[in-house]
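Open the model in your viewer and keep the selection tool at hand. We will go from stop to stop, picking a few residues each time.

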Amino acid sequence: MTASTMQAHTTAVPTAPKPRTHTSWRHWLAQRPSVFTLALIVLVSLVVGAINPSFFQLPVLFDIVRACTVLGLFALGVLIVLAAGGIDVSFAAIAALTMYSITKLVLNYFPEAPIALLLVAGAVSGALLGVLNGLLVHWLKAPSLIVTIGTQYLYRGILLTFVGTVFFMNVPLPMDAFGKLALWRFDTPQGLHAVLPATVLVLAGAAVLTWWLLNRTLIGRAVYAIGGSLAIAERLGYNLRTVHVFVFAYAGFLSGLAGIVHVSSTRLANPFDLVGNELDVIAAVILGGARITGGSGTVGGTLLGVVLVTLINNVLILAGVPSTWQKVIIGAFILVAGACFAMRKQA
């Protein structure tokens with residue numbers, strides 16, 4: 001081979017193109033969708049704080065934490081169902097049926113039952129109702145949205161027809177005491193009382209348990225596998241019925257806990273409570289980075305989504321934003337988040 005030929009071959013070898021900066025940035029953001037949610041939280045906080053400096057006070061922070069508790073429990077349950085490729089809209093009905101039935105039963109027959117027993121009773125009752133959801137989804141081979149819309153009306157119909165519709169203003173003493181229990185109390189120089197409720201421990205425990213299930217157990221791998229590709233998951237040998245029953249039972253488990261926590265926090269058992277929270281909860285999970293088609297989602301991102309929705313629903317009034325605009329803002333954020341999260345496929 002001559003020197004000229006060698007030179008031609010040498011110059012013909014293409015060089016690898018340098019990666020473009022904006023592509024790597026999009027890839028980094030696509031891998032961390034919760035960063036976008038965190039940025040929205042910071043933006044909303046700065047805007048509200050600039051308009052009304054009283055936002056940056058401890059009582060407001062504790063009020064946000066209190067408002068996040070029940071919504072967060074619902075969202076963690078919806079997260080695990082969404083990760084498996086399903087969707088559940090019956091969680092509010094499960095919580096309402098569970099909380100009202102247990103409150104009525106305890107008031108009439110077991111007024112001194114400890115709060116730990118009531119939490120367990122709520123969790124078990126919610127899990128059983130969730131098992132029914134999972135079994136129906138598997139047996140009927142129908143979309144989980146259709147099934148849970150049906151069970152939502154079924155559970156609420158049972159509550160309003162057979163259990164009762166009377167408000168309970170005098171909840172059992174253990175519930176009342178649990179709702180008043182504080183992890184920390186603080187009085188501000190302005191005379192405001194800041195109370196960090198002990199009910200937040202239930203959300204913290206549920207978050208740790210959900211993270212462990214999704215990231216450290218075989219059932220968590222199965223949830224993501226089925227949500228990512230049902231056909232591939234079947235070929236890998238995952239039991240679809242087991243996963244369906246588990247995810248809906250777990251969502252019901254957290255819904256039952258949320259019902260007991262709600263009664264303890266408000267010290268009121270109202271069979272019409274919690275109705276209409278479904279869209280806020282699903283919005284929080286989606287804003288946290290979970291795909292509606294399944295196979296993704298994290299506990300940290302979901303909790304950030306809960307904080308964002310709670311800020312919009314409870315704090316924008318401090319900035320003078322009318323309550324009628326809350327849904328508009330949440331909808332706009334979901335559209336922007338959807339556009340940003342779509343970069344995952346491109347990345």
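Select α13 and look at Glu278, Asp280, Val281, Ile282, Ala283, Ala284, Val285 and Leu287, which are buried. Buried means under 20% relative accessible area; exposed is over 50% and partly exposed is in between (1.4 Å probe, protein chains only). Eight of the 10 residues of α13 are buried, so the helix is mostly covered. Helices (H or I, at least four residues) and strands (E, at least two) are DSSP runs, numbered from the N terminus. Just after α13, pick Gly289: its phi is positive, about 110 degrees.

A word on the model itself. It is predicted: local features need pLDDT of at least 70, side-chain atom pairs count only at pLDDT 80 or more, and totals for chains, interfaces and linings use all residues. Residues are numbered from 1 along each chain as its sequence is written, and side-chain values use heavy atoms, with hydrogens and water left out.

Zoom out. The protein has 16 helices and two strands. Of its 347 residues, 47% count as buried.

Next, show the largest nonpolar core. Such a core is a set of buried Ala, Val, Leu, Ile, Met, Phe, Trp, Tyr and Cys residues joined through side-chain atoms within 4.5 Å. Which of its 92 residues touch the most other members? They are Leu73, Phe74, Val223, Val247 and Leu308. Helix α4 (residues 58-83) gives the most to this core, with 15 residues. In soluble globular proteins, nonpolar side chains tend to be buried together.

Stay on Leu308. Beyond its neighbours within four places in sequence, Leu308 is in contact (heavy atoms within 4.5 Å) with Thr37, Leu40, Ile41, Val44, Leu287 and Phe333. Leu287 is one of the buried residues of α13.

Now select α10 (residues 218-228) and α12 (residues 240-266). Their axes come within 10 Å and cross at roughly 100 degrees. Axes are lines fitted to C-alpha atoms, for helices over the stretch in contact, and angles run from 0 to 180 degrees between N-to-C directions. That makes α10 roughly perpendicular to α12, a label for angles of 65 to 115 degrees. On α10, show Ile219, Ala222, Val223 and Ile226; on α12, show Leu240, Val243, Phe246 and Val247. These residues make the contact.

Move to helix α6 (residues 115-140) and pick Asn133. Is Asn133 buried or exposed? Asn133 is buried, with a relative accessible area of 0%. Its side chain makes a polar contact with the side chain of Tyr155 (3.5 Å). A polar contact is a pair of N or O atoms within 3.5 Å; within protein, one must be able to donate a hydrogen and the other to accept it, and residues adjacent in sequence count only if both atoms are side-chain atoms. Not counting residues up to four places away in sequence, Asn133 also touches others, including Asp88, Ser90 and Phe248.

Then step to Lys141, in the loop between α6 and α7 (144-163). Lys141 counts as exposed, at 63% relative accessibility. Its phi is near 55 degrees, a positive value in a residue other than glycine. Most residues other than glycine have a negative phi.

Last stop: Glu112, in the loop between α5 (91-109) and α6. Glu112 is exposed, at 61% relative accessibility. Leaving aside neighbours within four places in sequence, Glu112 is in contact with Leu173 and Pro174.

Key: Parallel < 35°, antiparallel > 145°, perpendicular 65-115°, else oblique.
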